[in-house]
Amino acid sequence: MARLAILTFAAVLRETTSMVLSRRQTLQRGSLAAVVPLLAPTPALASTKTDAEKVLEALQPLSGFVDDGKWDAVRTVLAQSPIVELWKTGNSKNWIRAAALSAGDPELIELSEDLSSALQLTDQYVYDNNFIYFQPGNGKVKTKEPKDQIAVAKTKLKAIIASL
């Protein structure tokens, strides 16, 4: 698509330099060249999609870590960039939310908020499991809840990737 924009711009530029055009003809040809680049995917959304795919890949082993009781391993993955920006550092650094706001897509904004909540809950459940033996209560380790939230996060992330 970018190649098409460059070729169109070059053709318009070549035509306009070889002949004298009226103001209207120049504006008409210039407006065509201005519209074509808008059809190409923006680099920001392309990198957002790539980063989202990296996050999805990083989330894959988390259910296994939960099964093995490796709470710190789960929290370490969640605390690394680019995942941590999606749930812990606030909306100002959430790059999926920023892309959704710039695109003006309310569905994508909602998906980014759902993803953030799922990652926060995953961290909370795993954190609680890490210290369950020192806390008052029934002392049961929760594995179903963090795995459910990991599944929700993956589902939301796949929907986000599909819409980018």
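**Notes on the helices, core and salt bridges**

1. Let's start with α5, where Trp-71, Val-74, Val-77 and Leu-78 are buried (buried is under 20% relative accessible area, exposed over 50%, and partly exposed in between, with a 1.4 Å probe and protein chains only). Looking down the axis of α5, the buried residues fall within an arc of 130°, so they line one face of the helix; the arc is taken from the directions from the helix axis to the C-beta atoms. Helices here are DSSP runs of H or I with at least four residues, numbered from the N terminus.

2. A word on the basis of these notes: this is a predicted model, in which local features need pLDDT of at least 70 and side-chain atom pairs count only at pLDDT 80 or more, while totals for chains, interfaces and linings use all residues. Residues are numbered from 1 along each chain as its sequence is written, and side-chain values use heavy atoms, with hydrogens and water left out.

3. The largest nonpolar core has 28 residues, and Leu-59, Leu-78, Ile-83, Leu-115, Leu-119 and Leu-157 touch the most other members. Two or more residues come from each of α3 (43-59), α4 (62-67), α5 (71-78), α6 (95-103), α7 and α8 (144-163). The top contributor is α7, with 7 residues. Such a core is a set of buried Ala, Val, Leu, Ile, Met, Phe, Trp, Tyr and Cys residues joined through side-chain atoms within 4.5 Å.

4. Leu-78 deserves a look of its own. Not counting residues up to four places away in sequence, Leu-78 touches Leu-59, Leu-62, Ile-83, Val-84, Trp-87, Leu-119, Thr-122 and Asp-123 (contact means heavy atoms within 4.5 Å).

5. Which residues does Asn-129 contact, leaving aside its neighbours within four places in sequence? They are Trp-71, Val-141, Lys-142 and Pro-146. Asn-129 sits in helix α7 (residues 106-130) and, at 2% relative accessibility, counts as buried.

6. On the outside, Tyr-127, Phe-131, Tyr-133 and Phe-134 make up a nonpolar surface patch with about 490 Å² of accessible area together. Phe-131 belongs to the loop between α7 and α8 and is partly exposed, at 33% relative accessibility. For a patch, residues need over 30% relative accessible area and no salt bridge, with nonpolar side chains (Val, Leu, Ile, Met, Phe, Trp, Tyr) joined within 5 Å and like charges within 9 Å; areas come from the Shrake-Rupley method with a 1.4 Å probe.

7. Searching the whole structure turns up 5 salt bridges, each a side-chain nitrogen of Lys or Arg within 4 Å of a carboxyl oxygen of Asp or Glu. One of them joins Lys-147 to Asp-67, with the closest N and O atoms 2.8 Å apart. Lys-147 is in helix α8 and Asp-67 in helix α4, so this pair ties together parts that are 80 residues apart in sequence. Lys-147 is partly exposed, with a relative accessible area of 29%.

8. Asp-114 and Lys-156 also meet in a salt bridge, at 3.4 Å from N to O. This pair links distant parts of the chain, with Asp-114 in helix α7 and Lys-156 in helix α8, 42 residues apart. Asp-114 is partly exposed at 27%, and Lys-156 is partly exposed at 23%.

9. Being 4 residues apart in helix α8, they are separated by about one helical turn. Asp-148 is partly exposed at 34%, whereas Lys-144 counts as exposed at 57%.
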